[in-house]
Amino acid sequence: MKILITNDDGLTSGGILAVKQAVEDLGDVTVVAPQTQQSGVGHAITLMKPLRIFKRKLADGSYGYAVTGTPTDSLILGSHYIMDEKPDLVISGINIGENLSKSITTSGTLGATFEAASHHIPSIAVSLQIDREDLKFKDGVSEIDFTYAKKILRRVVKNVIKYGMPENTDILNLNIPAKPESDEIIQSHLANRMYTTDVEERRDPYGHPYYWIKGDIIMKDDADTDVNNMHSKNQPVITPLSLDMTVYEDIEKWLK
C-alpha cells in the first residue's frame, strides 16, 4: 500500500505530520505538500510558471517534499514524479479548520483529492474543527492536539485498505469536531453553505479603498447535513463524494 499525504496548510503544519503518524505503519508513506499556506485555492493548478521541489526534514526527523505551488500541484508532482509508482491512496490533511458543505469546492484540501480522484486514486480529505480562529491560515501551526483526529482517521483508512472505497465513491470527506461527544462517525450530506458571505470596505492611509471578503460560520442547518451533524451533535461526519457532477435529467424539451 503506497500512501501519498498532502495538504493545503503547508509542509510545516502539525496536521500533515499527524496524518503520517496515524498511518505510517499501514503502508509506504510519502509526504508532499505546498511550501507555504494555500488555504482557499481550491483545485487550482500552476501552468504559467515553473515549480520547484525542496526536500525538507519534518519535526519527527523524517523527510517530506515542499512544492512551490498549490495542493493540486503537490499531488501531481508527488504521484507522477517523486513517487516511483502511482499511489494506492491519497490523504489530504489534517486541515486546521473544518471543510463542510458545498463550499468544499474552494478548499485546497479537497482540491488535492479532486485531482487524485481524476487519476482514479482513492482519496480521503480530513479536517479538524478548532476553537481558536487565530490558528487558521498560518504556517507551521503546532499547538493543536490531533490525538482524537488521528484515531478516527486511522479507522477510516483501515476500512479503505480492507474493503476498498464505498461503491460509487471517489472521495471521502471526513470532518472531526474539536470536542467530540462520541466516536461514532455519522454519514452526512453536504449542507448548502458553511459560512455567510459579506464584503467589508476599508481605506488605506492614502484614502484608497480595499476590500475583505468575510463571513460568519453557520452552526445549524437542516437535519442530516454535515454542518448540522458536526456542530450540533459534536460527532465526526463523513460524506462520500463523486467527481461526476452530471445532472441525469432529460433536458431535450428545454433545449428545443
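1. Helix 1 and its buried residues. In this predicted model, the buried residues of helix 1 are Gly14, Gly15, Ile16, Leu17, Ala18, Val19, Lys20, Ala22 and Val23. Buried means under 20% relative accessible area, exposed over 50%, and partly exposed in between (1.4 Å probe, protein chains only). The helix spans residues 14–23 and is mostly covered, with 9 of its 10 residues buried. Helices (H or I, at least four residues) and strands (E, at least two) are DSSP runs, numbered from the N terminus.

2. What covers helix 1. Its buried residues pack against strand 1 (2–6), strand 2 (28–34), strand 5 (89–96), strand 6 (123–128) and helix 4 (147–163). Contact here means heavy atoms within 4.5 Å. At the N-terminal end, Ser13 caps the helix. A side-chain oxygen of Ser13 lies 3.1 Å from the backbone nitrogen of Gly15.

3. Strand 11. Strand 7 (residues 171–176) runs antiparallel to strand 11, joined by 5 bridges. Within that pairing, Leu172 has Pro240 as its bridge partner. Strand 8 (residues 186–187) pairs with strand 11 in the parallel sense, over 2 bridges. Here Gln187 is partnered by Ile238. Two strands pair if DSSP finds at least two bridges between them.

4. Lys102. This residue sits in the loop between strand 5 and helix 3 (108–118). Lys102 counts as partly exposed because its relative accessibility is 47%. Leaving aside residues up to four places away in sequence, Lys102 touches Leu190, Ala191 and Asn192. With Asn192 there is a side-chain polar contact of 3.0 Å. A polar contact is a pair of N or O atoms within 3.5 Å; within protein, one must be able to donate a hydrogen and the other to accept it, and residues adjacent in sequence count only if both atoms are side-chain atoms. Lys102 and Thr239 are 137 residues apart along the chain, yet their C-alpha atoms are separated by 11 Å.

5. Basis of the values. Residues are numbered from 1 along each chain as its sequence is written, and side-chain values use heavy atoms, with hydrogens and water left out. Local features need pLDDT of at least 70, side-chain atom pairs count only at pLDDT 80 or more, and totals for chains, interfaces and linings use all residues.
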